[in-house]
Every structure is written in C-alpha cells, then in structure tokens.
Amino acid sequence: MKINIIDGSEVSRLSVAIHCFPFPVITQSLKFDNTDSELIQVLKYYGLGIVVLTITLLPAFYFIHIKNSVSYIKQSMTTFGLALLFLIALSLMLPVIPTLIVNFAARLVGINGFEVIRPAISVENRPAEKFKDPQWHLSTSNDGRFYLFDGVKLFSFGTLELLCPPNVLDSYKATLHYILASKRYDEETRKMLHKETKTCQIFNIEDLRY
C-alpha cells in the first residue's frame, strides 16, 4: 500500500527500492579495459552507479508523489509501466542486462546449471562420432555398454537437455560480463560462444545415466 510521506517513511521507501534492484549483479558483471588506469576504473564504477540508481529510483519518486486520489490499481500500473520503460532504456545502455535477467531466471527455475557433470549413455543410443570433440573427454565403461563424457547443462526443457562440453562454460560466463561502451567485447564473446556451442547436443534425460 502507498504510505503517506511522514516521519521519514520516504527514506524506507528509497532504501527498499535501492536494495530490491540487483545493482551488485550489474557491478560484478562490469569489466574494465586493460588500458584503463585505476582512476578511470573508479570513475566508471561510480559513474555507472549514479546513472543506474538515478534511473531505477525515478519510478519510486513518482509513486511517492502521485496523488492519493488516484486509484491504487492505476498507481501500480502506471508505476510498473514507468519502471519497465526505464528498464528498457537501461538495457539499451547496457545490453547485458536482458542476458543477466534471463540467466538469473533460468537458474532460479533450474533450467540451466554451471556444474560439470559426467553422465553415461548407451553406445546404442549415441554413436561415438558425436563426441569427436576432445573436450567431451569421452571414455567407455568397463563392460563396453556405455559412453561416459563430461558436460555442462546449458538448457533443459521437460525431458530434453542441452549438454555442452565444459569449455563452453567459460565462453558462456564471458557473455554475462561487459565493458562500458565496448561493442567489440560483446561481439567477440558472442562469436566465441556461437562457435563453441556448435558441438553441443540435445539429449533425452531418460537416456542418460548419472
């Protein structure tokens, strides 16, 4: 519910707004160019912080100052629309934000995982030629019935799982970082990920043994 601005309640509102926004995620994903001095890095870090917090607090300021005569539903919808608009604007400035949001949501519901696993699959179910990339670290079980390999679950849906060689993990994590105003970094990391994910394979989870 909207609270009247008395006894410093606006301070609590702003504190909640600041802590709810995943600002540490954005700053932890920030990388610096090797040519940047420590002073430049500090200025970029704090400059980014001021811009991000200013943009994200604008909907909160609007909600605080909106007229009490306006219905709560209209207050909420207008504030949500304003927040979404600023999120889009922020995403244009930092293209990595949508990727971070999707990755966070995927990990939250268990769609992907960053742990290296070593499943087994029947030799009758998947030919050895599918694992010709040495990064799979393919081996055969003692009884010769199963192939064992290293993999990382990049995506799952229902009974299907997209497994990739472990080396894809570094490239995928690189796309979750960014350098301010560096289009080259984004292009290089995405090209590398696209190249390495060509070796990924889709498996039916019922065919895998852990």
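In the hairpin formed by strands E6 and E7, two residues lie between the strands, and Gly158 adopts a positive phi near 65°. Strands (E, at least two residues) and helices (H or I, at least four) are DSSP runs, numbered from the N terminus. The model is predicted: local features need pLDDT of at least 70 and side-chain atom pairs count only at pLDDT 80 or more, whereas totals for chains, interfaces and linings use all residues. Residues are numbered from 1 along each chain as its sequence is written, and side-chain values use heavy atoms, with hydrogens and water left out.

Strands E6 (residues 151–157) and E7 (residues 160–164) run antiparallel and are joined by five bridges; pairing requires that DSSP find at least two bridges between two strands. Phe155 has Leu162 of E7 as its bridge partner. E7 also pairs with strand E9 (residues 201–204), in the antiparallel sense and over four bridges. In this pairing, Glu161 stands opposite Phe203 of E9.

An open sheet of four strands has the order E4-E5-E3-E10, with antiparallel pairing. Its edge strands, E4 (139–140) and E10 (208–209), each pair on one side only. E10 is joined to strand E3 (residues 120–122) by two bridges in the antiparallel sense, and Ile121 stands opposite Leu208 of E10.

The chain as a whole contains seven helices and 10 strands. Of its 210 residues, 34% count as buried, that is, under 20% relative accessible area with a 1.4 Å probe, protein chains only. Among contacts (heavy atoms within 4.5 Å) with a separation of 6 or more, 64% are between residues 24 or more positions apart.

Notes:
Buried < 20%, exposed > 50% of the residue type's maximum accessible area, 1.4 Å probe, protein only.
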